[in-house]
Amino acid sequence: YFIKYLHVPPTTPDKLRKLIEYESSEDPTAKSSEQTNDFLLLDLPSRAEEFTVMVVMARDETLHRNLKLLRRAGVSTDSLTLDAIALFNAYVSSKDEGIYNDKTTLLVDIGAQYTDVVVQRNAKLLFVRNLTLGGARFTEAVQDDFHLPMREAEELKIAQGALLPTHFDVAAEIDMATPEGRLSAALLEPAEHVYDTLQATIKYCQSQTRMPNLKIDEIVLSGCCARLRGLRDFLAHRFRIPVEVLDPLRNIETGALPPGVREEVAENSASYAVAIGLALRGLEERRIRPITLLPEDVRRRREFFKHQFFLYAAAGVFALAFAGM
């Protein structure tokens with residue numbers, strides 16, 4: 001998906017929708033294919049004469065492909081939404097009332113191929129971004145350095161991979177004499193890339209939200225890559241702010257799960273942040289208005305079966321009954 005941030009004057013919802021439709025149609029990414037969009041009015045401390053609107057766009061062919069896969073799997077879905085929205089919901093649920101602490105938090109969910117970034121403050125969504133950056137880069141670094149197949153490199157990264165504190169400083173001497181030092185050195189380059197990308201994302205957030213003085217107070221990691229030993233300490237050292245790993249199960253009762261499953265889920269809870277956030281979407285009272293991405297033809301078809309189909313069916317039954325009489 002693609003995200004744009006628009007700054008618009010105060011207006012009615014209908015005019016806002018038309019403005020967003022126009023802006024979306026003028027976007028270069030819309031020239032090659034049909035796409036669906038939705039928007040969210042952000043609650044930012046902006047000037048009174050303008051609002052900041054987050055516009056999300058996705059190509060219809062991508063949405064249709066995902067809907068088709070879901071149908072083949074026997075899954076019925078009302079809509080498609082963003083992983084970042086689910087991540088935000090999971091974080092709000094885990095903090096409960098403690099989220100109202102006047103701290104600006106950078107949520108970072110690092111998956112295998114992509115990273116979702118959310119900036120929030122006092123349970124208000126300020127910024128969202130999706131990055132082509134994931135844990136696979138760490139695996140590839142181990143693969144290149146140790147000349148291993150991808151699967152063996154992944155196993156080595158999980159079992160023994162760790163960023164050593166002696167490598168955290170930019171000018172630090174890289175110890176290659178030990179296997180641990182060599183493995184840490186291999187992981188250091190992708191870790192530096194994560195740091196640089198997050199730094200650039202913070203600056204991009206400041207420009208898009210028109211809050212140049214926005215300061216990140218803490219970072220919260222989730223996703224499979226959050227389990228990489230030393231990554232949290234590395235980012236805390238570089239950013240000079242607290243970095244913690246999200247526990248999305250903090251306020252969720254898991255007693256009904258079988259003991260073995262409960263232990264596995266608790267151990268890897270950060271990996272389930274997006275899934276838990278999606279499950280909370282219909283339950284979280286403080287949830288934001290959801291981003292809903294459904295192609296127009298799918299939406300029209302569902303509206304027909306939801307409303308008009310039954311009107312036509314009722315008319316048909318009435319006509320048959322009248323003819324019989």
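This report describes the pockets, the open sheet and the helix packing of a predicted model.

The model is predicted, and local features need pLDDT of at least 70, side-chain atom pairs count only at pLDDT 80 or more, and totals for chains, interfaces and linings use all residues. Residues are numbered from 1 along each chain as its sequence is written, and side-chain values use heavy atoms, with hydrogens and water left out.

**Pockets**

Residue classes take Ala, Val, Leu, Ile, Met, Phe, Trp, Tyr, Cys and Pro as nonpolar, Asp, Glu, Lys and Arg as charged, and the others, Gly among them, as polar.

Two or more lining residues come from each of strand 3 (51-59), helix 2 (60-72), strand 4 (104-110) and helix 9 (273-279); helices (H or I, at least four residues) and strands (E, at least two) are DSSP runs numbered from the N terminus. Helix 2 gives the most to this lining, with five residues.

Helix 2 and helix 10 (296-324) each supply at least two residues of its lining, and helix 10 gives the most, with six.

An open sheet of five strands has the order 6-5-4-7-8 with mixed pairing, where two strands pair if DSSP finds at least two bridges between them. Strand 6 (124-131) and strand 8 (243-245) are the edge strands, each pairing on one side only. On average, neighbouring strands are turned by 20 degrees against each other, direction ignored.

Strand 4 and strand 5 (residues 115-121) run antiparallel and are joined by seven bridges; Asp109 has Asp116 in strand 5 as its bridge partner. Strand 5 and strand 6 also pair in the antiparallel sense, over seven bridges, and Val117 stands opposite Arg129 in strand 6. The hairpin of strand 5 and strand 6 has two residues between the strands, and Asn122 takes a positive phi near 55 degrees there.

**Helix packing**

Helix 6 (residues 179-208) packs on the sheet and touches strand 4, strand 5 and strand 6, its direction making about 130 degrees with that of strand 6. Contact means heavy atoms within 4.5 Å, and angles run from 0 to 180 degrees between N-to-C directions, with axes fitted to C-alpha atoms, for helices over the stretch in contact. Helix 7 (residues 231-239) lies across strand 4, strand 7 (218-222) and strand 8, at about 155 degrees to strand 8.

The axes of helix 4 (residues 136-146) and helix 6 come within 9 Å and cross at roughly 145 degrees. Residues in this contact include Phe138 and Val142 of helix 4 and Leu183 and Leu187 of helix 6. By class, the contact has 10 nonpolar, one polar and three charged residues.
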